[in-house]
Amino acid sequence: MSIELGHFALILAFAIATVSAVGGFAFWRSGQRIALVLSQGAVLQFILIAVAFAALIQAFVTSDFSLLLAANNSHSLKPLIFKISGVWGNHEGSMVLWIFILVAFGAMVATFGRKLPHDLLALVLATQSLLTSAFAGFTIFTSNPFARLIPAPIEGNDLNPVLQDIGLAIHPPLLYAGYVGFSICFSFAIAALVSGRIDQAWARWVRPWTMLSWTFLTLGIAMGSYWAYYELGWGGWWFWDPVENASFMPWLAGTALLHSALVMEKRNALKIWTVFLSIITFSLSLLGTFLVRSGILTSVHTFASDPTRGLVILTLLALVIGGAFALFAFRAASLRQGGLFAPVSREGALILNNLFLATAVGAVLVGTLYPLLLDALAGTTISVGAPFFNLTFGTLMAPLLLVLPFGPLLAWKRADIVSAAQRLIGAAALAIFVTILISALSGIAVSLAPLGLLLGFWVAFGAIAELVDRSKLGRIPLAESGRRLIGLPRSAWSTAIAHFGIGITVLGIVATSAWETERVTTLNPGESTELSGYTIAFDRFDTVEGPNYLSDEGHFTVTAPDGGTRQMLADRRTYVASGMPTTEAAIETYGFSQLYLQLGEPLDNTHVVRVWHKPYITLIWLGAILMACAGFLSLTDRKLRVGAPRRAAKSAAQAAE
Amino acid sequence: MTMPSTIRKQGWSRKQKRLAVIAGLAVVVALATTLVLVALRDQIVFFYSPSDVVAREVAAGTPIRLGGLVKDGSWVRQGQDNSFTVTDGARDIAARYTGILPDLFREGQGVVAEGSLGPDGTFMATNVLAKHDENYIPKEVVEALKASGEWRPEGGE
């Protein structure tokens with residue numbers, strides 16, 4: 001019964017979204033009334049999709065296998081958390097999650113956006129409804145999650161064991177919140193293009209949404225990377241897999257958008273570019289979510305690829321993205337440019353940032369799509385892997401990181417590069433000193449590692465240098481400096497923390513790549529091996545029964561260089577329902593470094609064991625977490641809560657009437 | 001980044017500014033294009049089936065991806081050393097890999113191995129991929145099997 005209720009709610013939401021979209025675009029000029037109707041429509045869509053989503057969750061939790069989706073992807077013995085996360089561990093269910101987040105963002109705009117000019121609000125909500133209509137329609141007609149299975153089987157087929165992990169409960173919702181959040185920027189861009197009006201108030205509205213989505217996406221990508229690292233058992237944290245690239249491209253574009261919207265908000269410049277980036281970012285998000293499922297990209301992540309569905313998805317993508325760019329081509333010229341500035345200025349630095357990020361997006365896009373093109377045109381199958389991306393992306397990022405610390409120290413409009421350089425001299429000297437020290441101690445002769453370390457330290461210290469400079473640390477009494485530091489606007493803090501986080505991530509990447517050690521060996525219980533000063537003793541081997549799997553467990557005792565011992569447990573599971581094996585690697589964290597241990601299939605009572613020592617690898621994710629914290633901090637900034645946008649919005653509304 | 005002080009004092013005109021931005025843009029885009037082209041020439045890896053390897057006379061040492069089925073009865077393990085034969089029905093290539101093979105590496109299943117041919121014609125794999133799904137055969141392998149007429153789609157998609 002609740003299944004049919006959910007199905008009906010989904011169809012009703014689709015109908016309301018369609019009517020909202022058509023009505024919104026037809027009557028967006030009619031002021032308050034249409035804005036009010038669309039707001040209510042947006043909230044209604046949210047409630048209905050929530051009902052549909054809840055119906056699915058209920059069916060999974062109660063193991064109602066008369067629901068085809070639950071029968072295919074669930075199992076009554078599965079722990080509760082994996083029953084819930086199993087809802088979006090498949091194509092149909094993840095579509096519902098995607099739409100749920102889309103309408104949640106729409107409802108948020110409707111709720112918090114009452115102060116927006118009515119025509120702008122109407123157009124934004126109409127665009128959101130159009131997206132909901134398109135993707136809810138796609139779900140209903142090609143991938144119905146509410147299909148019944150009669151007669152109902154007694155037991156389900158279980159979820160792919162690799163997905164039975166806490167990672168699946170967190171990673172997709174975060175990632176989708178990031179992807180889908182950019183739809184708000186997209187809708188604002190469409191609204192600006194249709195109405196032909198765009199001002200600083202527009203940027204002030206768009207920037208927090210960009211910040212929120214970017215923060216979610218940052219966490220989602222970091223989480224996904226860590227998940228792949230510990231669950232796939234290959235010891236790698238980034239594979240330049242098409243799906244990873246697909247999530248990374250909107251992140252790069254979103255980062256660029258964050259910075260260009262800043263220029264627009266403060267200086268009323270870069271309008272057309274900001275609108276363009278908004279469209280690009282969401283288009284890349286759509287590409288990220290759907291290209292993977294069209295079945296034309298093969299990847300470790302792909303689930304449910306069905307050729308007819310793929311065609312519909314591609315058509316839908318072409319319509320949304322193509323339509324937006326056509327609108328941009330026709331209307332962009334009508335947006336007026338403003339704000340003059342010299343090349344050496346904060347604006348100039350932010351343009352440089354955008355230039356490098358946009359080019360990097362292009363390089364990653366080429367690397368991701370080139371194999372497809374070549375396959376379609378020449379029939380040759382190639383793979384573009386890590387070497388390609390390391391070369392192109394790495395080379396493009398190096399100059400960006402080099403100039404990054406200058407940005408926040410430059411003044412708007414026109415800046416003095418010499419004075420900025422003077423204020424960074426301490427950071428530069430410290431970075432060079434630390435790099436030389438580390439290189440000498442670790443004894444690396446000639447490689448790119450010291451260069452990478454230098455960049456990482458430079459960015460991290462440069463971010464601190466900005467705070468030191470602004471608090472006049474060392475130039476005025478310490479207490480006074482402390483007061484200044486506390487009194488700094490949160491935006492200054494979040495800039496510094498985010499940039500510091502990038503430095504930390506770079507350091508983690510460089511350190512792991514340069515100093516990782518690995519050993520593959522055959523061990524029997526009672527024997528031990530050694531790696532980078534750690535002694536790994538294989539204590540015993542057991543077979544244990546888990547809730548829905550059988551597990552072969554290897555127990556190890558690790559003695560660290562400082563003499564401390566810890567237990568590690570690596571296992572290989574065979575899932576009862578599917579008969580599928582998985583490997584659960586054992587990971588032990590020492591400071592910022594990790595020991596990673598993988599157990600191979602036993603043969604005649606001998607076991608192959610693979611051990612990695614990954615120095616400072618956790619810095620990669622810690623840096624990302626710092627960036628996300630900076631994002632949240634920036635969202636609490638005073639100027640987003642009071643006054644400014646409200647006044648500007650009102651005056652804009654008056655001007656429109 | 002430095003400029004004659006006379007210009008800095010007067011500020012740049014709109015035209016000069018635009019020119020500077022476009023010049024910067026051109027430089028970065030040119031750099032990126034060069035990089036991408038060089039990388040595409042040197043860093044891509046071709047996918048070959050065993051028949052392709054024989055037909056194209058792939059040179060020893062060239063990194064390639066070799067795809068096909070693991071031939072029944074060919075997998076021999078000694079500690080961490082594995083040897084197996086990759087087949088597409090028409091041709092066989094002997095392969096060797098040291099380390100832990102993926103969970104779903106099985107005889108008769110699809111496999112993609114990364115590596116290069118040794119001087120004796122044995123494929124030395126540096127990485128072996130098998131997807132985490134019991135019915136999965138990599139798309140490239142399906143195409144290669146279809147090309148050699150060995151594709152029997154009874155085991156699911």
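This is a predicted model: local features need pLDDT of at least 70, side-chain atom pairs count only at pLDDT 80 or more; totals for chains, interfaces and linings use all residues.
Val384(A) stands opposite Ile44(B) in strand E1 of chain B. In total, 45 residues of chain A are in contact with 36 residues of chain B. Within chain A, the domain assignment gives four domains, with domain 2 (169-333 + 343-406) and domain 3 (416-514 + 625-657) each made of two segments.

**Where chain A touches chain B**

- Strand E1(A) and strand E1 (residues 44-48) of chain B run antiparallel, joined by three bridges.
- On the chain A side, two or more residues come from each of helix H12 (346-378), strand E1 (382-384), H13, strand E2 (517-523), strand E7 (581-584) and strand E10 (607-614).
- H12(A) provides the largest share of that side, with eight residues.
- Sorted by class, the chain A side has 24 nonpolar, 19 polar and two charged residues.

**Domains of chain A**

- Domain 1 spans 1-164, and domain 4 spans 517-614.

**A hairpin in chain A**

- Strands E8 (residues 586-590) and E9 (residues 593-599) of chain A pair in the antiparallel sense over five bridges.
- Ala586(A) is found opposite Leu597(A) of E9(A) in this pairing.
- Two residues separate E8(A) from E9(A) in the hairpin, and Gly591(A) in the turn has a positive phi of about 65 degrees.

- Lys413(A) sits in the loop between helix H13 (386-403) and helix H14 (417-442) of chain A.
- Lys413(A) counts as partly exposed because 17 other C-beta atoms lie within 10 Å, a number in between the limits of 12 or fewer for exposed and 20 or more for buried.
- Beyond its neighbours within four places in sequence, Lys413(A) is in contact with Phe341(A), Ala342(A) and Ser345(A).
- Ile536(A) is 123 residues from Lys413(A) in sequence, and their C-alpha atoms are 60 Å apart in space.

Methods:
Residues are numbered from 1 along each chain as its sequence is written. Chains are lettered from A and ligands numbered from 1 in the order in which they are written. Helices (H or I, at least four residues) and strands (E, at least two) are DSSP runs, numbered from the N terminus. Two residues are in contact if their C-beta atoms, placed from the backbone, lie within 7 Å. Domain bounds come from an automatic or database domain assignment. Ala, Val, Leu, Ile, Met, Phe, Trp, Tyr, Cys and Pro count as nonpolar, Asp, Glu, Lys and Arg as charged, and the others, Gly among them, as polar. Two strands pair if DSSP finds at least two bridges between them.
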